[in-house]
Amino acid sequence: MKRLILVVMFALLANSLFPKEWWKNAVFYEIFIRSFYDSDEDGKGDVKGMIEKLDYLNDGNPKTMSDLGIDAVWLMPAFESPSYHGYDTVDYYKIDKEYGTEADFDLFIKEAHKRGIKIILDLVINHTSANNPWFVKSAMKEDPYTDYYVWSQTIPEGPWGKPWGGGGANTVWSFSNVRKEYYYSIFWSGMPDLNYKNKAVTQEIYKIAEYWIKKGIDGFRLDAARYLIEEGGGPGQSDSPATLKWWRDFNAFCKKINPNTMLVGETWEANTIVSKYYDGGKGLDLCFDFALSSGILAFVNGKNSVKVTEIFAQKKTLPAPNGFYAPFLSNHDQFRAMNMLGNDFNKAKLAAVVLLTMPGTPFLYYGEEVGLFQNSGKQDELKRTPMPWTSGANAGFTSGNPWAPPAPYADPYNVSAQQKDPDSLWNLYRMLLAVRKAYPELAGEDVEFIDTGDKAVLGYTRGKGKNKVFVFVNASDTDKNISIPELNGKLIGFLMTGGQEQYAKDAKVYVKGYSFQIMKIKK
Ligand SMILES: [Ca+2]
Ligand SMILES: [Ca+2]
Ligand SMILES: [Ca+2]
C-alpha cells in the first residue's frame with residue numbers, strides 16, 4: 001500500500017512538469033463500442049455500456065488503484081453506418097442507432113470528462129458509405145453533390161492499384177449503374193472516395209469537425225490518412241503533396257476552434273513516409289508507429305533487440321521528433337498481440353513493459369490489458385471480439401445473445417479474475433501506467449539505447465541528468481547479469497516496487513528470465 005501512495009504522490013508532483021499538449025503524457029485506450037459492454041441485452045456493446053465501464057478505465061480519483069488509469073479513449077467509428085465496424089459513414093452527425101442516442105453520447109462525454117478522460121473520435125473521411133445520401137445524390141448528378149466524389153467516364157490511365165496489392169488492375173474504379181460512370185473507391189465499391197479537389201467537400205468536413213469539437217470532443221483519429229487526395233495512378237494515390245497540405249490546413253482549422261484538439265493519423269507505412277506528416281510541426285499531432293509495433297513483438301518473440309534499436313536509429317535521421325510517433329502493440333486491423341505472442345503471458349508482460357516505457361503517446365487496444373485471446377482465422381471480426389469481463393455467461397459482456405462469440409478462454413482469463421491476482425497482466429498494466437505518470441521522463445522524448453552485451457536484453461535510458469530512468473527487459477528464459485559501470489557504487493531505486501539497493505563497485509544488474517527492471521540512481 002505504501003508504495004502505491006508513494007507513486008500517487010509522485011504523480012501529483014509530476015503533473016506540473018508535463019508539457020502543455022495534453023496528449024504528450026497521455027495513455028490512450030482504443031474501444032470498439034460493439035464489443036466493449038452491452039447495457040441493454042441486445043448483444044451489442046453500446047454508449048451506455050461504456051458509461052458503466054468508465055470507472056474501470058479511470059475513476060477520476062488518483063488515490064484509488066482499482067482502475068486501469070488511462071487518460072483518453074479512441075472510439076472506433078460511432079456514426080451511423082451499414083456495416084458492423086462503421087468504417088463507411090452514412091451520417092457524420094448521428095450516433096449509430098445500435099449504439100445509442102445523441103443524449104446517451106452527450107452523457108458519455110460529460111461522464112468521461114468528469115473523470116479526466118479525453119475522447120477522440122474515429123473520423124473516416126477518405127470515403128463514405130455508398131449508402132451515404134451525398135453519394136446517392138452524386139450518382140444522380142444532383143447538385144451540389146454532383147462532384148462530391150471522384151467520377152470519370154472512362155477508367156483513367158493507370159497504373160491504379162489497391163493499398164495492399166491484390167484485387168487485380170483498375171479495381172479501384174467502380175462502375176455506377178445509375179450515373180453510368182466510374183467512381184474512384186480505393187478500398188472497395190461500397191466505400192467511394194470523396195473528391196477533395198472540390199472545395200465544397202472540404203467545407204462539408206470542416207462543418208462536421210466543428211460540430212463535434214464544439215460538442216466537447218478532444219480530437220480525431222484520422223482513418224486512411226494517406227489516401228485523401230490522389231494525383232494520378234500508382235505513387236500519386238497516396239501521400240500526395242495535396243494530401244499533406246489538406247491535413248495541415250485541417251489541423252489549423254481544428255486548433256482555431258479549440259487549440260487543445262488533437263489529431264492522430266493512420267499512416268500505415270514505413271516511418272520514412274510517416275514522418276512526412278509531421279510537416280515541420282504544422283502537420284498532424286501524432287501518427288501511429290506501425291514499425292515499432294512489429295519491432296516490439298519481434299524483440300519479445302525472437303529474443304533479439306536489434307529491430308527496436310534500428311527503428312530508433314532510423315528516427316534520428318527523419319524530420320519528426322520521437323514524440324510524434326504513437327506506439328502500440330496491435331489494433332483492430334491486426335492480429336491480437338496475444339495471438340502474435342503465442343498466447344504466452346510472460347511475453348505479453350514484456351511487450352507491455354516496452355510499450356509503456358517508450359517515447360511517444362502509447363495506445364492500448366481494448367482487452368490487451370488482460371491478454372485477450374484470439375481464435376486463429378483471417379476474418380477481421382476475430383480481432384474485435386467482445387471484452388472478457390468475468391468468467392460468467394458470455395464473459396460478462398452481455399446477458400443477451402452476443403453479436404460475436406466472446407474471446408476464447410474468458411474463463412479464467414478475464415478482467416475480474418486478473419484484478420484479484422497481484423501478478424496478473426492487468427495489474428502489471430495498471431502499475432506501468434502509474435509509474436509512467438509518476439516519472440515524467442518515461443513520457444518524454446529522450447531515449448538512449450545501452451549495449452547490454454546480449455541481444456536478448458533490451459536496455460535503454462529515458463530522460464537526462466539525475467532523473468534518468470534505466471529500463472532492462474530480458475526476453476530470454478535465463479537469468480542475466482548485465483554490467484552497467486554507470487550504476488556501480490550507487491544507491492539504486494526500483495520504480496515498480498518502490499524498493500532500493502546499494503550497488504557494490506563491481507555490481508551487475510540482475511534481470512531474471514522473462515523479466516525486467518525499471519530503475520534510477522537515487523544517490
Ligand atoms: Ca446494446
Ligand atoms: Ca483511480
Ligand atoms: Ca482519396
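Buried means under 20% relative accessible area, exposed means over 50%, and partly exposed lies in between (1.4 Å probe, protein chains only). Phenylalanine 324 and tyrosine 325 are both buried. This is a predicted model: local features need pLDDT of at least 70, side-chain atom pairs count only at pLDDT 80 or more, and totals for chains, interfaces and linings use all residues. Residues are numbered from 1 along each chain as its sequence is written, chains are lettered from A and ligands numbered from 1 in the order in which they are written, and side-chain values use heavy atoms, with hydrogens and water left out.

**Domains**
- The protein splits into domain 1 (26-126 + 199-433), domain 2 (129-193) and domain 3 (447-521); the bounds come from an automatic or database domain assignment.
- Between the C-alpha centres of domain 2 and domain 3 lie 56 Å.

- Donors are N, O and S atoms within 2.8 Å of the metal (3.2 Å for Na, K and Ca); water is not among the atoms, so sites may look incomplete.
- Asparagine 61 is partly exposed at 32%, while aspartate 67 is buried at 5%.

**Calcium ion (ligand 3)**
- Its protein donors are Asn126 (OD1), Asp193 (OD), Tyr227 (O), Leu228 (O) and Glu230 (OE), at 2.2 to 2.7 Å.
- Leucine 228 and glutamate 230 are both buried.

**Aromatic rings**
- Rings of Phe, Tyr and Trp (its six-membered ring) pair if their centres lie within 6.5 Å; planes under 30 degrees apart are stacked, over 60 edge-to-face and the rest tilted.
- The count comes to 54 aromatic pairs.
- Tryptophan 164 and tryptophan 268 have ring centres 6.2 Å apart and planes at 65°, so they are edge-to-face.
- Tryptophan 164 is exposed at 59%, whereas tryptophan 268 is partly exposed at 28%.
- Phenylalanine 324 and tyrosine 325 are also edge-to-face, because their planes stand at 75° with centres 5.7 Å apart.

**Charges over rings**
- A charge sits over a ring if NZ of Lys or CZ of Arg is within 6 Å of the ring centre and within 35 degrees of the ring normal.
- Lysine 315 places its charged end over tyrosine 325, 4.3 Å from the ring centre.
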